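Colleague: I would like a close look at the pockets. Please follow the elements of their linings into the helix packing.

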Amino acid sequence: MKKSKLNSKATCDAIAPPVVVFSGSRRLSPIYRPMVQSVVESVAADGRVILVGCANGADAYIREAAPAAKVFRASNYGTGPGSFAARSIAMVERAATRPGSGLIVFPSLPCPDGLLPSARSKDCFCGLGSGSWASAALAAGLGLSVFVFPCGFSALPPWGEWQPAGSGVWTGGFLLKK
């Protein structure tokens, strides 16, 4: 009996839908909840696989808007603050294996000075204090599309050219031009 080529990992990867990682502040004000949920619902309606963390704030708003999202739990990556970093790294690296994937982040503070995009997780998760921005830096370093929706500030990091993400639910977001 001839083995089906659809069982090969390469074939499954080629037909798998793109992945979108969502990240954001654990202390994101509820005034941003409708914006976050509108963006999430738009992405879900497009058939994308959604990956999200287990924290409060933005993660909770995202899980509420996308009940089918794959939740990455920090407790699966150890204990303490390092487990949140390991969880975030795992989500971004998973997305990097799928063409057309990206990251959408809802930070409540500007990017820490000195944080730059890198394909090396230890360069991004280096103790500067923002897991959301570290995730964005890693995603950019790995070549993923990065969308930022600043929540309560306007300064974007000097990582390259930022362009408006679009209209409708995308108003207020910015895409890092590759």
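Modeller: A term for later: a crossing of two helices is right-handed if the near helix is turned clockwise from the far one by less than a right angle, and left-handed if the turn is anticlockwise. Keep in mind that this is a predicted model.

Rolling a probe the size of a water molecule over the atoms shows where empty space is left. In the largest pocket that space comes to about 640 Å³. The lining has 33 residues, and those closest to the pocket centre are R26, G129, S130, G131 and S132. Three elements each put at least two residues into this lining: strand β1 (19–24), helix α4 (81–95) and helix α6 (131–141). The biggest share comes from α4, which gives 6 residues. By class, 17 residues of the lining are nonpolar, 12 are polar and 4 are charged.

Now take the two helices of that lining together. The axes of α4 and α6 approach to within 10 Å. Their crossing angle is roughly 30°. Angles under 35 degrees count as roughly parallel, so α4 and α6 are roughly parallel to each other. The crossing of α4 past α6 is right-handed. On the α4 side the contact uses S88, I89 and V92, and on the α6 side S135, L138 and A139. That contact has 4 nonpolar and 2 polar residues, with no charged ones.

Next comes the second largest pocket. Its space is about 180 Å³. Here 13 residues form the lining, and V20, V43, R48, F147 and W170 are the closest to the centre. Helix α2 (33–45), strand β4 (102–106) and strand β5 (145–148) each supply at least two residues of the lining. The most come from β4, with 3 residues. The classes are 6 nonpolar, 5 polar and 2 charged.

One residue of that group deserves a stop. W170 sits in the loop between strands β6 (162–164) and β7 (174–176). What does W170 touch, once neighbours within four places in sequence are left aside? Its contacts are V39, S42, V43, I104, F147, F149 and A165. Two of these, V43 and F147, are also among the residues closest to the centre of the second largest pocket. F72 lies 98 residues away from W170 along the chain, and the C-alpha atoms of the two are 25 Å apart.

Last, follow α2 out of this lining to helix α3 (residues 58–65). The axes of α2 and α3 come within 9 Å of each other. They cross at roughly 45°. Roughly parallel would need an angle under 35 degrees, and roughly perpendicular one of 65 to 115. α2 and α3 are therefore oblique to each other. The pass of α2 over α3 is right-handed. R33, V36, Q37, V40 and E41 of α2 meet A58, Y61, I62, E64 and A65 of α3. In this contact 6 residues are nonpolar, 1 is polar and 3 are charged.

Definitions and conventions:
Residues are numbered from 1 along each chain as its sequence is written. This is a predicted model: local features need pLDDT of at least 70, side-chain atom pairs count only at pLDDT 80 or more; totals for chains, interfaces and linings use all residues. Side-chain values use heavy atoms; hydrogens and water are left out. On a 1 Å grid over the protein atoms alone, a cavity is a set of points where a 1.4 Å probe fits but cannot get out, and a pocket is an open set with protein on both sides within 12 Å along at least five of seven lines; lining residues have an atom within 4 Å of a point. Grid points are joined across faces, edges and corners, and a volume is the space filled by probe spheres set on the points. Helices (H or I, at least four residues) and strands (E, at least two) are DSSP runs, numbered from the N terminus. Ala, Val, Leu, Ile, Met, Phe, Trp, Tyr, Cys and Pro count as nonpolar, Asp, Glu, Lys and Arg as charged, and the others, Gly among them, as polar. Axes are lines fitted to C-alpha atoms, for helices over the stretch in contact, and angles run from 0 to 180 degrees between N-to-C directions. Angles under 35 degrees count as roughly parallel, over 145 as roughly antiparallel, 65 to 115 as roughly perpendicular and the rest as oblique. Contact means heavy atoms within 4.5 Å.
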